[in-house]
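Q: I am new to this structure and would like to go through it step by step. Could we look at it together?
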Amino acid sequence: MKDVYKKYLFSKHVFVSDEAAGEEKNQLEVLFSLANLFNIRIVKGQKLVRDGMIRFASECLGEDVPEPFYKGFPKSVRKLTKEKRLLDQLIHYVTTYGFGNFSEAGHSLFEETFERTAFKEDAEIKDFSIVSEGEAVNLLGGMVNNLLAGTRPLSDEQYELVKSFIQDYNVVIENVASKNTCVKLMMDMRDLRFAEFIVMSDVIKLVDEMNFQLYGSENIKKLNLKNQDRKFITAVMDKLFEKGRCDIRNCFEKKKIWNGLLHHIHYKARSAEAESFVNAMRGDGNQSVFSGFEKAMTERNIMSAVEVLKSGKGSAAVLRNLSYLISRCSSEEEVQFVLDCIDTKNNIVLIQLLIRFAQYREESGPRTFGFTKHNKMKFHTETEDELKKRKSDITAEQAGIITERLKESLKANLGGKLGKVYIDPNMKNYALPIQETASQGGFGVLTRGSRIRIPETKKLRAFTYWEKVDDIDLSCFGLEESGNRREFSWRTMAENQSEAITYSGDETSGYKGGSEYFDIDIAEFKKLYPEARYMVFCNNVYSGLPFGKCFCKAGYMTRDIEDTGAIYEPKTVKSAFMINCDSTFAYLFGIDLDKNELIWLNMARTGSMAVAGMTDMTFLIDYFHVTEVINMHSFFELMAAEVVDDISAADVVVTDKNVECAEGVEVIREYDIEKLTALINK
């Protein structure tokens, strides 16, 4: 079985047994090694264990990791004077960037000798099961179907899983709910059968994806497609005309782009419907839904505008324009009319808007908006001109009313669908997978906004390591609620090493691999920097190469305050994930200093920033409060016909623990993103 499948299942705490290798003769020794090296306990399928699983676990959790600049990190670092640390760094930089010498890993010239003790830290056990290849295929098939049921775009890792599985196992697809996923599959596989799941207006999505993925351009107005791609787009359009899937009113919304595309591909109509479409796109009129909507809004006819939008594009479109509509209402009657349209069955939209309006703040200054494009986060801060022309201001009271109506709609949609459900109290800490497109995949990765308790007896060690690139930087920022921040990075840490925060040194070693670490003692950090409420960790490629063209892993360990002296200890790894996005900057995770909790961010940011700290980070605070609005616990409370306290009485068990359940009982864990996706879209 391919590694793409094995690694995906590893992130779900599942090993795949290589049955072709024959039965393992040293089962006990292999089970002991997994436990001794990685704290992995096999709770199911012990007889399927194979010695190759030791090497595989090492690849996934990082047993063989390049040493940091200071081999005795963190103790040896703190013993050096700031002058020696600065001189260390300067000499290293002159050797590498000055002389271009990346032939060997750089290490400190002044570090004293150090001793390591045998491992004796209290590390959490990781429960795994082992399945046969046949069982693995069945598991993956269910995951792929669940992912295809989601209406939101997939992350790069999820998409690669879906695409590979369809190709390798000749899967007959019955539905692809996300138009973005569908056009990517259509583009990569050149399979016209996917036209069953899109309409004519989605062709623009296809062209945009091709223009970016194949030609590296984000400007769809300037096309220079090869002949084979023009022919493929023409074939897709002809298929859609043949199937009667031409939604011409929606196509009017991008009339100019359609006009340019038709000219670029030299499209020739082959039916009366196609001829009519071409003439409409090239003509002067515009019959789009939004054209009629904006006309009604300009005339201050709110009710008419709502009816145009709802009849033309559905209730979800009304919801997406709620702020705009409510801000223009001149009476309670109009407000009530708009709110009565919150009747969509689209739970994704309801949850997204619930998170947005529950955290709504009245702001007089410029706002920063985040959105996803080509699986990377983009952010835009209002200009002065945009601020003056802002159309969508509502009051906090109106936002509160909207929030309550959204909750009512969600309850009506989800209520009682799952029978008797046992919900572990810990599930209040885990967010729902609403928008994971910019996320990276790997072991321990959770949905954005999820929280993990950091024991008060532990410190957090953030790490990154890399190959095939000169230098990747790990940095962190102390962030106040106001948005003010303090930077901790290679630029600032020469004078800021302490018991509260220790930095491993900025090693660069080219293709041989490098690594960086931060040690954070949260109690000490709060004493030293009392103004900080959060910490945010980032990764960026200083060398300018995108992450996708090198090898880079990041993650964190929870270590004893007085640790064994081993810089990288696989037993203590809580998460290790690949960063392989097509950009040079990624947000990793944050820490809520007041609550001693790690908060998942895991976002690839668009752009080519080579140095952290060059952008505003205030917008990240919204992600820190997601679980206060809705979480896995409250979601399953809505879905349950009855919430039970006894696991043995449950039809569905939602937990982050290893539990014994009767046959037929479905267990849903915090990392079962595929199951959650299917349920949200049910």
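Q: Is Ile 91 buried, partly exposed or exposed?
A: In this predicted model, Ile 91 is partly exposed, with a relative accessible area of 32%. The residue belongs to helix α5, which spans residues 82–98.

Q: Which residues make a nonpolar surface patch with Ile 91?
A: Leu 86, Leu 87, Leu 90 and Leu 109 form the patch together with Ile 91, and its area is about 430 Å².

Q: Let us turn to strand β17. Is it buried or exposed?
A: Strand β17 covers residues 585–592, and eight of its eight residues are buried, so the strand is largely enclosed by the rest of the structure.

Q: Which strands does β17 pair with?
A: Strand β14 (residues 534–541) pairs with β17 in the antiparallel sense over seven bridges, and Cys 538 stands opposite Tyr 587 there. Strand β18 (residues 597–605) also runs antiparallel to β17, and seven bridges join the two.

Q: How many residues lie between β17 and β18?
A: Four residues separate the two strands of this hairpin, and Asn 596 in the turn has a positive phi of about 55 degrees. Asp 592 has Glu 597 in β18 as its bridge partner.

Q: Which side chain meets Asp 592 in a salt bridge?
A: Arg 451 does, at 3.0 Å from N to O. Asp 592 lies in strand β17 and Arg 451 in strand β8 (residues 451–453), so the pair ties together parts that are 141 residues apart in sequence. Both Asp 592 and Arg 451 are buried.

Q: Which residues are joined into one network with them?
A: Salt bridges with shared partners connect Arg 451, Glu 481, Arg 533, Asp 592, Asp 594 and Glu 597.

Q: A change of topic: what is the strand order in the open sheet of four strands?
A: The order is β19-β6-β20-β21, with parallel pairing. At the edges stand β19 (642–643) and β21 (666–668), each with a single partner strand, so one side of each has no neighbour in the sheet.

Q: How many bridges pair β20 with β21?
A: Three bridges pair strand β20 (residues 652–654) with β21 in the parallel sense, and Val 653 is opposite Val 667 in β21.

Q: Which helix lies across this sheet?
A: Helix α25 (residues 632–639) lies across β6, β19, β20 and β21, and runs at about 165 degrees to β6.

Q: What does Lys 657 form with Asp 424?
A: The two residues form a salt bridge, with the closest N and O atoms 2.8 Å apart. Lys 657 is in the loop between β20 and β21, and Asp 424 is in the loop between β6 and β7, 233 residues apart.

Conventions:
Residues numbered from 1 in each chain as written. Predicted model: local features only at pLDDT ≥ 70, side-chain atom pairs only at ≥ 80, totals over all residues. Heavy atoms only, no water. Buried < 20%, exposed > 50% of the residue type's maximum accessible area, 1.4 Å probe, protein only. Pairing = 2+ DSSP bridges. Patch = residues over 30% accessible without salt bridge, like charges linked within 9 Å, V, L, I, M, F, W, Y side chains within 5 Å. Areas by Shrake-Rupley, 256 points an atom, 1.4 Å probe, with all protein chains shown as cover. Salt bridge = Lys/Arg side-chain N within 4 Å of Asp/Glu carboxyl O. Contact = heavy atoms within 4.5 Å. Axes fitted to C-alpha atoms, helices over the stretch in contact; angles between N-to-C directions.
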